[in-house]
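Please look at the sequence and the model below. Then follow the report strand by strand.

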Amino acid sequence: MRVLIADDHHVVRRGLLFFLKTQKDIEVVGEAANGIEAVEMAGELQPDIVLMDLVMPEMDGIQATRKIKESYPDMIVLMLTSFSDRDHILPAIEAGAAGYQLKDIEPDELVESLRSLMRGENTLHPKASSELAKAPEDPPPHVLHPLTPREAEVLAELTKGKSNREVASALFVTEKTVKTHISNIFIKLEVQDRTQAALYAVKHGLTEYAN
């Protein structure tokens, strides 16, 4: 696996580099000293995994993670930090981090976490898991940002796999109007595309519009 290390402490980067170099299945492709460098190098080097510090100058790890995931959704980010409180863990996971480990982790456990991520498994430090378990569940986006009746109709049509033209025809509106509604739906439901919107609708029982 190709790994990019992002940490503002030179000693930490060197330590990680020297240890990871001993692993036959890991190649360290670069080192970033802040969040901005991490984002830039992620684009240039296309690593499989970014080992991301949380607190860094210029841009923190959460912002960097969010930008990386926006541009490269399949790129894996593992947070490696000293912070184990909910106020740091939740934003990191929400930004798209697939794993969250503390810097007191044993080196062998860190390597196993990287391998787990490559297998598609999420990995959380026990302290992080405990904090997440304590966290109150936030209302889903559609409760915080209710859809208008028309947006609900459009979403219901999207779940049927209809194109913009077909939705427009079914609801007797223009395609431009449909596009506007879809953009608003994406923002309110915090999704990126039609597929995510349809999956969200199915999960939360929004597949049919109740007149």
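Five bridges join β1 to β2, and the two strands run parallel. Strands here are DSSP runs of E with at least two residues, helices are runs of H or I with at least four, and both are numbered from the N terminus. Two strands pair if DSSP finds at least two bridges between them. Arg 2 has Glu 27 of β2 as its bridge partner. Helix α2 (residues 35–45) packs on the sheet and touches β1, β2 and β3. Its direction makes about 145° with that of β2. Such angles run from 0 to 180 degrees between N-to-C directions, with axes as lines fitted to C-alpha atoms, for helices over the stretch in contact.

This is a predicted model, where local features need pLDDT of at least 70, side-chain atom pairs count only at pLDDT 80 or more, and totals for chains, interfaces and linings use all residues. Residues are numbered from 1 along each chain as its sequence is written, and side-chain values use heavy atoms, leaving out hydrogens and water.

**The sheet**

Six strands form an open sheet with parallel pairing, in the order β2-β1-β3-β4-β5-β6. β2 (27–32) and β6 (123–124) stand at the edges. Each has a single partner strand, so one side of each is left without a neighbour in the sheet.

Strand β3 pairs on two sides, as the table shows.

| Pair | Bridges | Sense | Example of bridge partners |
|---|---|---|---|
| β1 (residues 2–6) and β3 | four bridges | parallel | Ala 6 and Met 52 |
| β3 and β4 (residues 76–81) | four bridges | parallel | Val 50 and Val 77 |

From β3 the chain crosses through α3 to β4 in a right-handed β-α-β crossover. Right-handed means that, with the strands pointing away from the viewer, the path from the first strand over the helix to the second runs clockwise. α3 lies across β3 and β4, at about 175° to β4.

In a regular strand, side chains alternate between the two faces of the sheet. In β3, Ile 49 and Leu 51 point one way, while Val 50 and Met 52 point the other way. All are buried (under 20% relative accessible area; exposed is over 50%, partly exposed in between, with a 1.4 Å probe and protein chains only).

**Asp 53**

Where is the place of Asp 53? It is in the loop between β3 (49–52) and α3 (61–71). Asp 53 is buried, with a relative accessible area of 4%. Leaving aside neighbours within four places in sequence, Asp 53 is in contact (heavy atoms within 4.5 Å) with residues including Asp 7, Asp 8, Thr 81 and Lys 103. An unreviewed UniProt entry places "modified residue: 4-aspartylphosphate" at Asp 53. UniProt positions follow the numbering used here, feature names are shortened, and annotations may be inferred rather than shown by experiment.
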